[in-house]
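I opened this notebook to keep track of what I looked up, one place at a time. The entries follow the order in which I went through them.

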Amino acid sequence: MSERAGSVPAAYWELTKPRLSFLSVLTSLAGYFCSDPKSTEHPVNAAVLVSLALGTALAAGGCGAVNMWWESEADAKMERTRNRPIPAGIIRPGAALLFGMLLLTAGVTLVWLGANPLAGALTAATAFSYLFLYTPLKTLTSWCTLVGSLPGAIPPIIGTAAKLGHVDHMGWLLFALLFCWQIPHFMALAVMCREDYVRGGFKVATVDDPSGRSASIWALAFILPMIVVAGSIATHFFPDWSSPYVWVSFLAGAWFFKLTLEFALPQRRAAVAKPLFIASILYLPVVLLTLTLNRLF
């Protein structure tokens, strides 16, 4: 056990995968605010909103901790993960598992009781698909990436369900947007970290195809429908095409698409993988924040 001052609280924080947890909260709130934002039948409810945000954060953090427990042996073999709390010896595996299960249970319960059972069930479905479908499949097949996009895409419909009690058209469009977005995002990472994934025993696309060609095909195959979905949001909800979301999503999508096209070129793939990964990280909050503000105001 490390004796560094402050290392244990920081390690427990790291177990929650705070960046991924923040993304889950961000997208669930986008679903909440973007669905029927000016309805008098479904006004913003502060208690529901707090339950949604806090419950999603707790559930996502719990999933992160359980995932780190599950993959601790693989993490110890990989350069980018060997200093995580469990392989570094800061947190014991059993303590990490207990911590994760407590957070996850609290998060699902809070959304279930504080919002409604549908939102709670969707939160539980997110955790189940992440932990019991995606996580074990990572060592078995490269199709794990497609399966892993499912839990990553559910948070917006959790937000929609929390507000409306059902999932509306906007909720499903946001689900589709996130589902498609995750593939080029992860394929760029798969090229950047191929050697680490080999050491960890994860069957991502680039492990069996070191050239990255299959990763680039996956990226192109999903960025095109992602752009179509973003355009569908524009045409359905902003038909006059004068709203900021329309132009922000168009410009951000064009930039993202350009880098994905370069990623498809063998001579450019390695060099553009990191810019593509960064573009994907920036694309989502910029587009979702613009959409949310545009829907509210």
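I began with Val204, which I found in the loop between α10 (194-200) and α11 (205-208); the model I am reading is a predicted one. Is Val204 buried or exposed? I noted a relative accessibility of 3% for Val204, and because buried means under 20%, Val204 counts as buried.

I then looked up what Val204 touches, not counting residues up to four places away in sequence, and wrote down Ser142, Phe186, Ala190 and Tyr197. I also checked Val204 against Thr141: the two are 63 residues apart in sequence, while their C-alpha atoms are 7.1 Å apart in space.

From there I turned to Tyr197, whose contacts, leaving aside neighbours within four places in sequence, include Val204 as well as Met78, Arg80, Phe186 and Leu189.

My last entry concerns Ser51, which lies in helix α3 (residues 46-70). I recorded 9% relative accessibility for Ser51, so Ser51 counts as buried. Which residues is Ser51 in contact with, leaving aside its neighbours within four places in sequence? I listed Thr56, Leu110, Val111, Gly114 and Ala115 as the contacts of Ser51.

Notes. Residues numbered from 1 in each chain as written. Predicted model: local features only at pLDDT ≥ 70, side-chain atom pairs only at ≥ 80, totals over all residues. Heavy atoms only, no water. Helix = DSSP H or I, 4+ residues; strand = E, 2+ residues; numbered from the N terminus. Buried < 20%, exposed > 50% of the residue type's maximum accessible area, 1.4 Å probe, protein only. Contact = heavy atoms within 4.5 Å.
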